[in-house]
Amino acid sequence: MSTPLTTELRDTALAALQRIGADVPSPVPGSPTLAARSPLSGRTLLDLPATDAAGVSDAVGAAHAAFLTWRSVPAPTRGAVVKRFGELLSEHKADLATLVTVEAGKVTSEALGEVQEMIDICDLAVGLSRQVGGRTMPSERPGHRLMETWHPLGVVGVISAFNFPAAVWAWNTAVALVCGDPVVWKPSELTTLTAVGGSALLGRALVEAGHSPDVHRLVLGGREVGEALVADRRVALLSATGSERMGAQVAPVVAARFGRTLLELGGNNAAVVAPSADLDLAVRGILFAAVGTAGQRCTSMRRLLVHSSVAEQVVARLRTAYEALPIGDPRTAGTLVGPLVSVAARERMAASLERAVADGGEVVVGGETVVVDGAEDAAYVRPALVRMPRQSDVVAEETFAPVLYVMTYDDLDDAIATHNAVPQGLSSSIFTADVREAERFMSEAGSDCGIVNVNIGTSGAEIGGAFGGEKTTGGGRESGSDAWRAYMRRATNTVNYSDELPLAQGVDFG
């Protein structure tokens, strides 16, 4: 039974999709469906037709056929398509952000920021379309040229998570397209309407430029759809964002067929607060990293290692900030914390807090359910701040919710050892005014994460840098820097422009 809030959310989402120009497919009687729901109400908005395994195969086949033409389109021309996609995103920034808020529960400014990330990666990819290339190296043989060339790889499968329902797809897709690769996208089953809207804009950009819409295909569904995409030998690169458990299942399947993976998995991110830290700056950075997106970012701060000399001050300031956090409907002006994605997520958070207390922890503030009028089926919570005597098993695990564990240290080397003593290795930061401490933390003997920050929090990465982590986080890199190499294949070329045939390493074959 629909509630007034659910009806309002459905009408809001459908109006945004209409302005985007997206066709919302209707279920076929007797065929599988997928529920589009909103964490704002905790209820289903409408049902969409789900793709089955045969549909995934058809989508991959169509994308592979499109690849045979798309790979030969000049890279700057492919970049023009991405440029147009970015323009359409700018025109419909508010509409797509509305869908992100309705389906992922992000506050308005964060939802708009996610769409801005998509626009930014389009800008980066357009420039990349005129720069992708290899290099020429000295040959040891006279009259020879030794060089590298880079070529399109093939179909790229993208499996994205609910917490960034559009941006991570755009990171992969914008770069893959300029590299000459079609994309088949399997979004989270929790954020299907956002995917329909984003795909419609890209499809429009492709068609306007006279290219096949099969250069990008969308498949909707749950585990069965993901497994079919992972197993398909025509998918040259499988980029997957999700849990460590999901990555452990995906990687062996793709490896067994000699495909490539780009995995962005768990992140049990920590920050170190040194004695010299600017505490005003540190508290602001910690707060956003720990409670932004209701603690449901892969880069959310989950552990805080504070020098014992400033620990009481930091905890007191954070407690005051946590108690004042505006929690509720993310569309309301001033709200900073929206809902968790599901009641199950709230239950996992509660279970983690119980384990932490059993391990000697003390909940300083938070953890309780927040009741929002008209949203009794949703999962709103107050972010939790927990003091821990040590790093226990529950602290070493990632709870995808706003729980921040605070521990103290006296020696920086000990703090770094504690920091690194978890399976994940995505993002990290240190707050310090001591350049030696900062350099130590960034050195080879410091943080073992893929992202190592100084005097900012663990979240909020820019698209210009390669994004990704180490250890069970997966080791992949997306977005900027030289992440484009993951989407291409490299060939080493030797050209003999002489009339002799000398062999390398001085070999004489008489």
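Predicted model: local features only at pLDDT ≥ 70, side-chain atom pairs only at ≥ 80, totals over all residues.
Let me start with Arg-382, which at 16% relative accessibility counts as buried, a term that here means under 20% relative accessible area, with exposed meaning over 50% and partly exposed in between (1.4 Å probe, protein chains only). Arg-382 sits in the loop between strand 12 and strand 13, where helices (H or I, at least four residues) and strands (E, at least two) are DSSP runs numbered from the N terminus. If we leave aside neighbours within four places in sequence, Arg-382 is in contact with residues including Tyr-322, Glu-323, Met-349 and Glu-368, contact being heavy atoms within 4.5 Å.

Residues are numbered from 1 along each chain as its sequence is written, and side-chain values use heavy atoms, with hydrogens and water left out.

Met-349 brings us to helix 12, where Ala-345, Met-349, Ser-352, Leu-353 and Ala-356 are buried. Seen down the axis of helix 12, these buried residues fall within an arc of 100 degrees, so they line one face of the helix; the arc is that of the directions from the helix axis to the C-beta atoms. The face turned away from the buried side of helix 12 carries the exposed residues Glu-347, Glu-354 and Ala-358, whereas the cover over the buried residues includes strand 12 (362-365), strand 13 (384-387), helix 13 (393-396) and strand 14 (403-409).

Helix 12 is followed by Gly-360, with a positive phi near 100 degrees. Most residues other than glycine have a negative phi. Lys-471, however, has a positive phi near 55 degrees; Lys-471 lies in strand 19 (residues 470-471) and is partly exposed, with a relative accessible area of 36%. Ser-481, also not a glycine, has a positive phi of about 55 degrees, and Ser-481 is found in the loop between strand 20 (478-479) and strand 21 (488-496).

Finally, which helices each supply at least two residues of the lining of the largest pocket? They are helix 8 (223-231), helix 9 (244-256) and helix 12, and helix 9 gives the most, with six residues. By class, that lining has 16 nonpolar, 13 polar and 10 charged residues, where Ala, Val, Leu, Ile, Met, Phe, Trp, Tyr, Cys and Pro count as nonpolar, Asp, Glu, Lys and Arg as charged, and the others, Gly among them, as polar.
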